[in-house]
Amino acid sequence: MFRRLIDRYISKEVLRPFLMVIIGVIVIMLSVRLTEDVKLIIVNKVPIPIVLRMILYKLPEFVVLGLPVAYMIATLLGLARMSKDFEIIAIRATGTGSKRIMRPILFISVLISLFSFFLNEEVVPEANRRSKIAAQTVAMTTEGEDSLVSSKVKFKGVDSRFFYVSVVYKDAKKLEKVLIFDSDTSHEFRMISAPYGEWEGSVWTLHDGVVQRYPDTVDGFVEKEQPFKDLEIETNIQVLKYISGEVKPKEMGADELKALIEATRAGGQETQAYEIEYQSKFARPFATFFAAMIAAPIGLKFAKGGYIGFAISIILTFFYFVAQTIGEGLGGLGLLPVLVSAWLPNLLFGVVGLLVYIQVE
């Protein structure tokens with residue numbers, strides 16, 4: 001019972017600054033894009049509600065990115081405050097060891113990591129898609145376009161195909177002037193064109209079009225041309241998600257991104273960047289746990305005052321983002337395995353944290 005009281009007290013001392021720090025981190029992230037948002041309102045005369053909607057949809061991503069930093073800072077500040085006021089000594093006097101003191105901190109970090117994973121998988125992709133749609137609404141507002149109609153929609157699909165649609169009627173699910181180019185190098189290049197069509201799910205039905213086949217050489221002309229009355233095509237995409245252009249990996253859940261990797265690989269395309277982003281969808285949320293692994297033992301071993309805890313947290317945050325940048329950069333160049341590239345900062349924090357944890361008495 002007594003140790004449960006200690007757990008609750010330590011948890012409160014960490015969570016209290018955590019809530020304040022996460023708000024501060026999000027405010028800093030929002031301030032980075034403040035100039036652009038103010039320009040939209042003042043210069044481009046975009047309605048404030050639309051700009052606020054764009055900002056709102058970016059908040060889940062900012063939360064996921066900010067949670068590890070905020071929890072690391074809160075852990076160091078909380079332990080530093082308790083150490084400065086001799087509360088750590090008082091807790092140890094009850095027979096509670098340092099490793100036992102760290103238990104509620106690590107347990108909370110696991111819960112936050114699971115929450116972060118849920119956000120990153122279920123909320124962030126859809127929020128990023130809606131943010132892009134809101135950005136498109138800005139363009140429509142300035143150009144006076146019908147929100148039910150999108151024009152000149154072009155994007156790369158999940159495989160080797162490139163799509164262009166002159167007009168997309170969203171409610172009617174109609175397409176006008178469709179071009180589909182297949183760049184798969186395992187067979188001759190193909191261009192499918194049709195004046196109109198419609199879609200249902202991921203299947204497009206085109207009418208009165210033609211399929212042109214090209215030899216797989218750069219200077220090849222049309223080798224064969226085959227007209228069709230009706231042609232069904234499995235596109236493997238949901239066209240409404242691509243209205244604003246190619247769907248980015250950060251706008252996909254892990255399952256969607258895995259399907260994109262498999263389709264892209266089957267089309268003979270490079271998948272390194274997609275694979276790194278796929279692994280990062282797991283590494284980023286669980287960064288909070290690894291941040292706690294290094295912050296808790298360092299906080300107990302070294303931090304004796306609030307300013308020291310804050311200074312250590314800033315240094316650790318700097319090294320985390322440096323490691324993340326280096327890992328993604330080397331992984332993109334193929335100099336590191338994909339798994340190591342995405343998890344590099346977590347692995348470094350985990351190893352260093354474990355070494356300090358072993359030394360803590």
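Asp-37, Leu-40 and Ile-41 in α2 meet Ile-48, Val-51, Met-54 and Ile-55 in α3 (contact means heavy atoms within 4.5 Å; helices are DSSP runs of H or I of at least four residues, strands runs of E of at least two, numbered from the N terminus). Six of the residues in this contact are nonpolar, none is polar and one is charged (Ala, Val, Leu, Ile, Met, Phe, Trp, Tyr, Cys and Pro count as nonpolar, Asp, Glu, Lys and Arg as charged, the others, Gly among them, as polar).

The model is predicted: local features need pLDDT of at least 70, side-chain atom pairs count only at pLDDT 80 or more, and totals for chains, interfaces and linings use all residues. Residues are numbered from 1 along each chain as its sequence is written, and side-chain values use heavy atoms, without hydrogens and water.

Helices α2 (residues 34–42) and α3 (residues 48–84) pack at about 160 degrees, with axes 9 Å apart. The α2 helix is therefore roughly antiparallel to α3 (angles over 145 degrees).

Strands β3 (174–182), β4 (189–200), β5 (203–214) and β6 (224–234) each give at least two lining residues. The largest share, three residues, is from β6. Five lining residues are nonpolar, five are charged and none is polar.

How values were computed:
Axes are lines fitted to C-alpha atoms, for helices over the stretch in contact, and angles run from 0 to 180 degrees between N-to-C directions. Angles under 35 degrees count as roughly parallel, over 145 as roughly antiparallel, 65 to 115 as roughly perpendicular and the rest as oblique.
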